[in-house]
Amino acid sequence: MLRGISPLLTPDLLAALWRMGHGDTVVLCDAHFPAASLSDGSEHRLDSAGVVPLAGAILELLALDSYDSPAALMAPEPGDSIDETFRGRLMETISPWLPTGSQVRMLSRRNFYGEAAQAQVVVATGETATYANVILRKGVTPATA
């Protein structure tokens, strides 16, 4: 283990995040999401992790894009409901990392699947909340002094 890096981030996942460039995306998905088929079986499995703590761990390391939409959530299908408590916790986790003036997009299930299929990294979690899926777009990592 390394200091300052969440134990949720496995060596393979850290390597995948390291390889991402500006504009590349990572999908964090719930246990209901078709991660294996959309990622051609190359998804990272973190069945003991939830989406919110994983998003927090990743956002500690990954700058969000300030040019294109930095984050997207899956909108519920008509007639479906979402866990508002979960969605609130997810937004509380993402919001502090959003570049000034940017917003989180809401995507229909079909559009979310389309964007997820193009992602560089897909992480399947054990999250049981429905519609607990998020796409994060990597930005430029600022140089440190």
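Analyst: The account below begins with the aromatic rings and then turns to a helix and some individual residues.

The model is a predicted one. A pair of aromatic rings is described by the distance of the centres and the angle of the planes. In this structure the count of aromatic pairs comes to 2. One of them joins Phe33 and Phe112, with ring centres 5.9 Å apart and planes at 85 degrees; because an angle over 60 degrees counts as edge-to-face, the pair is assigned to that class. Phe33 belongs to the loop between β1 and α2, whereas Phe112 is in helix α5 (residues 109-116), and the two are 79 residues apart. Both Phe33 and Phe112 are buried.

Phe33 also forms an edge-to-face pair with Tyr113, at 5.3 Å centre to centre and with 80 degrees between the planes. Since Tyr113 lies in helix α5 and Phe33 in the loop between β1 and α2, this pair ties together parts that are 80 residues apart in sequence. The relative accessibility of Phe33 is 7%, and it therefore counts as buried. Tyr113, at 22%, counts as partly exposed. Through these ring pairs, Phe33, Phe112 and Tyr113 are linked into a cluster.

Although not a glycine, Tyr131 has a positive phi of about 60 degrees, and its relative accessibility of 11% makes it buried. Tyr131 is among the contacts of Arg87, which, leaving aside neighbours within four places in sequence, also include Leu73, Met74, Ile82 and Met106. Arg87 is placed in helix α4. Arg87 is buried yet has no salt bridge, and the nearest side chain of opposite charge, that of Glu84, is 6.7 Å away.

Asp40 likewise has a positive phi, of about 55 degrees, without being a glycine. Asp40 lies in the loop between α2 (35-38) and β2, and at 73% relative accessibility counts as exposed.

Helix α4 (84-94) is one of the elements that cover the buried residues of helix α3; the others include α1 (11-19), β1 (25-29), β2 (44-46), β5 (121-125) and β6 (134-137). Of the 9 residues of α3 (residues 51-59), 8 are buried, so the helix is largely enclosed by the rest of the structure. The buried residues are Val51, Val52, Leu54, Ala55, Gly56, Ala57, Ile58 and Leu59.

Note on methods. Residues numbered from 1 in each chain as written. Predicted model: local features only at pLDDT ≥ 70, side-chain atom pairs only at ≥ 80, totals over all residues. Heavy atoms only, no water. Buried < 20%, exposed > 50% of the residue type's maximum accessible area, 1.4 Å probe, protein only. Helix = DSSP H or I, 4+ residues; strand = E, 2+ residues; numbered from the N terminus. Contact = heavy atoms within 4.5 Å. Lys, Arg positive; Asp, Glu negative; His and termini not counted. Salt bridge = Lys/Arg side-chain N within 4 Å of Asp/Glu carboxyl O. Phe/Tyr/Trp six-rings, centres within 6.5 Å; stacked < 30°, edge-to-face > 60°.
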